[in-house]
Amino acid sequence: MRFAWAFSIAALILAAAGCQGPTQTVQMLEADKTAPADVITVPITATYRLYTLKKEPGKDKEEEKEVYSVELKKGEKVGFMRADNRIHATARGIQIDLPEREDGATYVWKVEEKR
C-alpha cells in the first residue's frame with residue numbers, strides 16, 4: 001500500500017513537470033544579426049518547439065521560454081521568413097509573430113528527441 005501511494009505521488013510530479021525529452025537546435029535567429037530568413041526541410045517526424053532566448057537585466061544567463069510547439073512530419077518546413085518587411089517564424093506554412101525581437105531576443109527552433 002505504501003509503495004502504491006509513493007508511486008502515485010511520483011506519477012503526479014512527473015505529469016506536472018511535463019515529460020519533454022532532450023532537445024537539439026535546428027534553426028536560430030540571433031537578436032543582433034540581420035541574417036537572412038531561412039526555412040529548412042525537417043529531417044525527421046517529431047515535435048518542434050520555438051523558444052525565445054533573452055538575457056534579463058541583472059541575470060547571468062539567458063532565459064529560455066517556449067513560444068510555440070508543433071508536430072511536424074519528415075519533409076515539412078520550419079524556420080524563419082521575411083514578410084511585410086519583418087521576420088516571422090514559420091512552421092508548416094503558419095506565420096508566428098516574434099514580438100520580443102525588437103527587445104533583443106534570439107529565437108530558436110528545437111526538435112524534441114524521442115525517448
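Reader: I clicked on V39 first. Is V39 buried, exposed or partly exposed?

Author: V39 is partly exposed, with a relative accessible area of 37%. Keep in mind that this is a predicted model.

Reader: Okay, and which strand is V39 in?

Author: V39 lies in strand β2.

Reader: What does V39 touch, leaving out residues up to four places away in sequence?

Author: V39 touches Q27, K77, V78, G79, F80, M81 and T90. There's also A89, which is 50 residues from V39 along the chain, with 9.0 Å separating the two C-alpha atoms.

Reader: Which strands make up the open sheet with β2 in it?

Author: The order is β2-β5-β6-β7, four strands with antiparallel pairing. β2 (39-41) and β7 stand at the edges with a single partner strand each, so one side of each has no neighbour in the sheet. On average, neighbouring strands here are turned by 30° against each other, direction ignored.

Reader: How many bridges hold β2 and β5 together?

Author: β2 and β5 pair over 3 bridges, in the antiparallel sense.

Reader: Where does R92 sit?

Author: R92 is in the loop between β6 and β7 (94-96). At 41% relative accessibility, R92 counts as partly exposed.

Reader: Let me zoom out. How many helices and strands does the chain have?

Author: The chain has 1 helix and 8 strands. Along the sequence the pattern reads α-β-β-β-β-β-β-β-β.

Reader: How much of the chain is buried?

Author: Of its 115 residues, 30% count as buried. As for contacts, if you take those between residues at least 6 apart in sequence, 64% join residues at least 24 apart.

Reader: Switching to β8. How many of the residues of β8 are buried?

Author: 7 of the 7 are, so β8 is largely enclosed by the rest of the structure. T106, V108, K110 and E112 point one way from β8, while Y107, W109 and V111 point the other way.

Reader: Which strands pair with β8?

Author: Strand β1 (residues 23-29) pairs with β8 in the antiparallel sense over 6 bridges, and M28 stands opposite V108 there. β3 also pairs with β8, antiparallel over 7 bridges, and in that pairing L50 stands opposite W109.

Reader: W109 keeps coming up. Which residues touch the most other members of the largest nonpolar core?

Author: W109 is one of them, along with Y48, L50, F80, A89 and L98, in a core of 18 residues. At least two residues of this core come from each of β3 (46-54), β4, β5 (77-83), β6 (86-91) and β8.

Reader: How many aromatic pairs are there?

Author: The count comes to 1 aromatic pair. The rings belong to Y68 and W109, with centres 6.4 Å apart and planes at 90°, so the pair is edge-to-face. Y68 lies in strand β4 (residues 63-72) and W109 in strand β8 (residues 106-112), so the pair ties together parts that are 41 residues apart in sequence.

Reader: And is each of those two buried or partly exposed?

Author: Y68 is partly exposed, with a relative accessible area of 24%, whereas W109 is buried at 0%.

Reader: Last one: what does the charged end of K110 sit over?

Author: The charged end of K110 sits over the ring of Y51, 5.4 Å from the ring's centre.

Methods
Residues are numbered from 1 along each chain as its sequence is written. This is a predicted model: local features need pLDDT of at least 70, side-chain atom pairs count only at pLDDT 80 or more; totals for chains, interfaces and linings use all residues. Side-chain values use heavy atoms; hydrogens and water are left out. Rings of Phe, Tyr and Trp (its six-membered ring) pair if their centres lie within 6.5 Å; planes under 30 degrees apart count as stacked, over 60 as edge-to-face and the rest as tilted. Buried means under 20% relative accessible area, exposed over 50%, partly exposed in between (1.4 Å probe, protein chains only). A charge sits over a ring if NZ of Lys or CZ of Arg is within 6 Å of the ring centre and within 35 degrees of the ring normal. A nonpolar core is a set of buried Ala, Val, Leu, Ile, Met, Phe, Trp, Tyr and Cys residues joined through side-chain atoms within 4.5 Å. Two strands pair if DSSP finds at least two bridges between them. Axes are lines fitted to C-alpha atoms, for helices over the stretch in contact, and angles run from 0 to 180 degrees between N-to-C directions. Contact means heavy atoms within 4.5 Å.
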